[in-house]
Amino acid sequence: MAAYVASDQPLATVMANAREAFRTNPTGDWSLLPLMSLIKGRRLRHILHEAVGSLVGFPAQVEDLWKNYYCVATNYSRASEQVVRRGSLVKSLLASISIPGALPPVVHEGDLLCDGGTFNNFPVDVMRSSMRGVGTVIGVDLNFRKPRRIELDDIPTSWALLRDKLRPRAQRRYKLPSLASYLMQVTILYSMSRQRQSQQLTDLYFNPPMDRVGMLQWNRFEQIVQQGYAHGIQVLDGLDDIKRRRIGGLRTR
């Protein structure tokens, strides 16, 4: 989404590009021999290449975008957070979303990079330090904070879970995350502990309700857009006049 904003393309162009990118499941190529990851990642790489090429017309570098852009990755080689500001745009996107165990890591300038959520899943602090006190920082936080109670005494066997998965969703007995979802959530737990501090660095904070959307449900693109839009309108309508003037130029419709 940040790369879409940085491309400075018209909204209609961005939405058409996103719909085409999410038309097929980008994480559906599961690995039969998961030595590095559960998902091969080839389909995702191809979709990103196609999306970037269609959006800007060529295999863009980060530096080619019209607006300043960065993404945050985890540098496995150096055990540190890394802000990516240059190099292949597709590689930067892949690095920032390559959840350890679920998607293969990315080699960048001799280092191994994976999803930045391990260290910083809501990197408004990077934006705030980059802006140096100038401008408005808008944060869109997609973390889901509602506690989920598991009404079980123990984890069912693999066969029991498999049988349950074959039932219609409304009839399933075990409300447990999939392995991919579990890996994704665990990797960002430390990052989520920093969310309250990060939220205080935003001038305008959005936390759209994603409780009705599960991990990797790419076919629910339109529902996500509608939920996000409704939440955005609600937040903007709730601003007082003082904050509205301080942020400036906001329209709710």
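## Overall picture

Among contacts in the chain between residues at least 6 apart in sequence, 62% join residues at least 24 apart; contact here means heavy atoms within 4.5 Å. The structure is a predicted model, in which local features need pLDDT of at least 70 and side-chain atom pairs count only at pLDDT 80 or more, while totals for chains, interfaces and linings use all residues. Residues are numbered from 1 along each chain as its sequence is written, and side-chain values use heavy atoms, with hydrogens and water left out.

The chain holds 11 helices and 6 strands. Both kinds of element are DSSP runs numbered from the N terminus: helices are H or I with at least four residues, and strands are E with at least two. Of the 253 residues in the chain, 37% are buried. Buried means under 20% relative accessible area, exposed means over 50%, and partly exposed lies in between, with a 1.4 Å probe and protein chains only. The accessible surface of the chain is about 16300 Å², and carbon and sulfur atoms account for 56% of that surface. These areas come from the Shrake-Rupley method with a 1.4 Å probe; for residues, only the protein chains shown count as cover.

## The four-stranded sheet

An open sheet is formed by 4 strands in the order β2-β1-β4-β3, with antiparallel pairing. Two strands pair if DSSP finds at least two bridges between them. The edges are taken by β2 (80–84) and β3 (106–108); each has a single partner strand, so one side of each is left without a neighbour in the sheet. On average, neighbouring strands of this sheet are turned by 50° against each other, direction ignored. Axes are lines fitted to C-alpha atoms, for helices over the stretch in contact, and angles run from 0 to 180 degrees between N-to-C directions.

Helix α4 (residues 89–97) lies across β1, β2, β3 and β4 and runs at about 65° to β4. Strand β4 itself is mostly covered, with 4 of its 5 residues buried. In a regular strand the side chains alternate between the two faces of the sheet.

## Strand pairs and hairpins

Strands β1 and β2 run antiparallel and are joined by 5 bridges. Val72 has Val83 in β2 as its bridge partner. The two strands form a hairpin with 4 residues between them, and Ala79 in the turn has a positive phi of about 55°. On the β4 side, 3 bridges join β1 (residues 71–75) to β4, again in the antiparallel sense. Here Ala73 stands opposite Asp115 in β4, and Asn75 stands opposite Leu113 in β4.

Strands β3 and β4 pair in the antiparallel sense over 3 bridges. Val107 stands opposite Leu112 in β4. This pair also forms a hairpin, with 2 residues between the strands and a positive phi of about 50° at Glu109 in the turn.

## Aromatic pairs

A search of the whole structure finds 3 aromatic pairs. Rings of Phe, Tyr and Trp (its six-membered ring) pair if their centres lie within 6.5 Å; planes under 30 degrees apart count as stacked, over 60 as edge-to-face and the rest as tilted. One of the pairs is Phe122 with Tyr205, which is edge-to-face at 6.0 Å centre to centre and 80° between the planes. This pair links distant parts of the chain, 83 residues apart: Phe122 is in the loop between β4 (111–115) and α5 (124–131), and Tyr205 is in strand β6 (residues 204–206).

Phe122 is buried, with a relative accessible area of 4%. Tyr205 also counts as buried, at 19% relative accessibility. Elsewhere, ring pairs link Phe22, Trp218 and Phe221 into a cluster.

## Two loop residues

Thr202 is found in the loop between α9 (195–199) and β6. Thr202 is buried, with a relative accessible area of 12%. Its side chain reaches the backbone oxygen of Gln199 at 2.7 Å. Such a polar contact is a pair of N or O atoms within 3.5 Å; within protein, one must be able to donate a hydrogen and the other to accept it, and residues adjacent in sequence count only if both atoms are side-chain atoms. Leaving aside neighbours within four places in sequence, Thr202 is in contact with Phe122, Val124, Arg128, Val137 and Gly139.

Pro59 lies in the loop between α3 (42–56) and β1. Pro59 is exposed, with a relative accessible area of 71%. From C-alpha to C-alpha, Pro59 and Val90 are 8.0 Å apart in space, and they are 31 residues apart in sequence.
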